[in-house]
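Student: Could we go through this model together? I would like to begin with the overall fold and then turn to individual residues.

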Amino acid sequence: MESSRLLIEGGRRIEGELRIHGAKNSVLPILAATLLCGSTSVIHNSASLSDAFAAMRILRSLGCTISHEGSTVTVNSADAEGDIVSDGLMHEMRSSIVFLGAILGRVGRCRLSFPGGCELGPRPIDLHLEALRRLGVRITEDHGILDCTAGVRPQSADITLSLPSVGATENIMLYSALGSGETVIRNAAREPEIADLAGYLIKCGAKITGQGTSTLVIDGVPSLHGCEYTVMPDRIEAATYMGAAAITRGELMLGGVRPQDMYSCMSVFSEMGCGVYPYDDKIFISARKPITAVRTVRTMPYPGFPTDCQPIVMAVLSKSSGTSVIVENIFENRFMAAPELRRMGANIKAEGKVAVIEGVKKLYGAKARAYDLRAGAALVVAALGAEGQSEILNTHYIDRGYESIETALSSVGADIKRI
């Protein structure tokens, strides 16, 4: 089925002010966490994303009642007794696996299939399953279906993750929040979105310490209650619009952001020659000078450079002066934007974990296809900086993480429309 397409006439300078939406990577685990409360939670600053709608469909299928108005989602999980997530719902988004810990914590059993979403190579959920087994969960796998039952939970569990997986950290937190016993997660993910999930759970009555560090301690409590919570801003959306300003030699004031979460991104844009000025809840980027290459960008777990920003930076660097190198340390298949950027005239050689980008003076409009969420955003950024018209297909990937990207970009000078 052909989704809508984006038509972009390049060469327009991006100038003005944009407000950033709530973080996709925060709102999904927080929506899953509303299951644990058994009452009503009001979640503010939730962006209207297809992934968020998919999470709401999963919650409804489990027995929650949901209302959604503007950027506020109200979830009442009082009657949520469901323990099965259908194959169709699981395949709508990659991060649906975060429902595993929440459903197990709520009803003590869970049956679901492996998650779908963007094809970023194997994204092992073995870490999640191994950790849950350490917490007494019995798990059987049968033809791609996971059948999980809560067993006796140890009074104290000390779990060391072999790598700081965001999803595994979230699932352990969600499963351990209710009940008795202390769970310690070592080498936990330190992403701001993890701290945001902890913030929501704490407001619901959970006992969690150490968020933002690599050691998280969760003391189980007998029950949680609903609360009103505002989701943190989306640092990847902010970086995407910084890329749009950089590649078009524009200037942009981004409002509603948390600059402290974005130092690794801001430093790469500074190295390209952009002026980047953080304020309390704003970032101003000015790209009046031509973009220069950066030596090496390495993706790393937070606080390192985020893998989600890598395709966007690749698009901007394709129009820089000089040669840049990107080393992708998080996902395989994360250079899916490269062949499509080459259609626009980019000179990118990608092999294994390394991409070498030889900057070109001009990019040219072309017909290009998004193969995952951030590669799609990268193509939009490249098209803004290209000469002539580009047509971006598979926009359903982009809609997973950006609320009406064409509306936002049109408001700051882009010639972009959805057909």
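Predicted model: local features only at pLDDT ≥ 70, side-chain atom pairs only at ≥ 80, totals over all residues.

Student: How many helices and strands does the protein chain have?

Tutor: The protein chain has 14 helices and 25 strands. Its radius of gyration is 21 Å, close to the 22 Å that the globule rule gives for 419 residues, so the chain is as compact as a globular protein of that length.

Student: And what box do the C-alpha atoms fill?

Tutor: Taken along the principal axes, the C-alpha atoms fill a box of roughly 65 × 45 × 40 Å.

Student: What share of the residues is buried?

Tutor: Of the 419 residues, 57% count as buried. The chain exposes about 15900 Å², and carbon and sulfur atoms supply 50% of that area.

Student: Which share of the contacts joins residues at least 24 apart?

Tutor: Among contacts between residues at least 6 apart in sequence, 73% join residues at least 24 apart.

Student: How far apart are the mean positions of the positive and negative charges?

Tutor: There are 42 positive and 45 negative charges, and their mean positions are 4 Å apart.

Student: What does Phe 99 touch?

Tutor: Not counting residues up to four places away in sequence, Phe 99 touches Ala 32, Leu 35, Ala 55, Ile 58, Leu 59, Leu 62 and Met 93. One of these, Ala 32, is also among the buried residues of helix 1.

Student: How many residues of helix 1 are buried?

Tutor: Helix 1 covers residues 24–33, and nine of its ten residues are buried, so the helix is largely enclosed by the rest of the structure. The buried residues include Lys 24 and Ser 26, as well as Val 27, Leu 28 and Pro 29.

Student: Now the backbone. Which peptide bond is cis?

Tutor: The bond from Tyr 302 to Pro 303 is cis, with omega near 10 degrees. Pro 303 sits in the loop between strand 17 (296–298) and helix 10 (310–317).

Student: What is phi at Asn 45, and where is that residue found?

Tutor: Phi of Asn 45 is near 65 degrees, a positive value in a residue other than glycine. Asn 45 is in the loop between strand 3 (40–44) and helix 2 (50–61), and it is partly exposed, with a relative accessible area of 22%.

Student: And phi at Asn 333?

Tutor: Asn 333 has a positive phi of about 55 degrees, although it is not a glycine. It lies in the loop between strand 18 (323–327) and helix 11 (337–343) and counts as partly exposed at 44% relative accessibility.

Student: Back to helix 10, then. Is Leu 317 buried or exposed?

Tutor: Leu 317, which lies in helix 10, is buried, with a relative accessible area of 0%. Leaving aside neighbours within four places in sequence, it is in contact with Met 272, Thr 292, Ala 293, Val 294, Ser 324, Ile 357 and Gly 359.

Student: What about Val 325? What does it touch?

Tutor: Val 325 lies in strand 18 and counts as partly exposed at 23% relative accessibility. Beyond four places in sequence, Val 325 touches Val 294, Arg 295, Thr 296, Val 297, Val 354, Ala 355 and Val 356. Val 325 and Val 294 are 31 residues apart in sequence and 7.4 Å apart in space, C-alpha to C-alpha.

Student: One last residue. Where is Ile 405 found?

Tutor: Ile 405 is in helix 14 (residues 405–410) and counts as buried at 1% relative accessibility. Not counting residues up to four places away in sequence, Ile 405 touches Leu 6, Tyr 241, Val 380 and Ile 398.

Definitions and conventions. Residues numbered from 1 in each chain as written. Heavy atoms only, no water. Contact = heavy atoms within 4.5 Å. Helix = DSSP H or I, 4+ residues; strand = E, 2+ residues; numbered from the N terminus. Rg over C-alpha atoms; globule rule 2.2 N^0.38 Å. Buried < 20%, exposed > 50% of the residue type's maximum accessible area, 1.4 Å probe, protein only. Areas by Shrake-Rupley, 256 points an atom, 1.4 Å probe, with all protein chains shown as cover. Lys, Arg positive; Asp, Glu negative; His and termini not counted. Charge placed at Lys NZ, Arg CZ, Asp CG, Glu CD.
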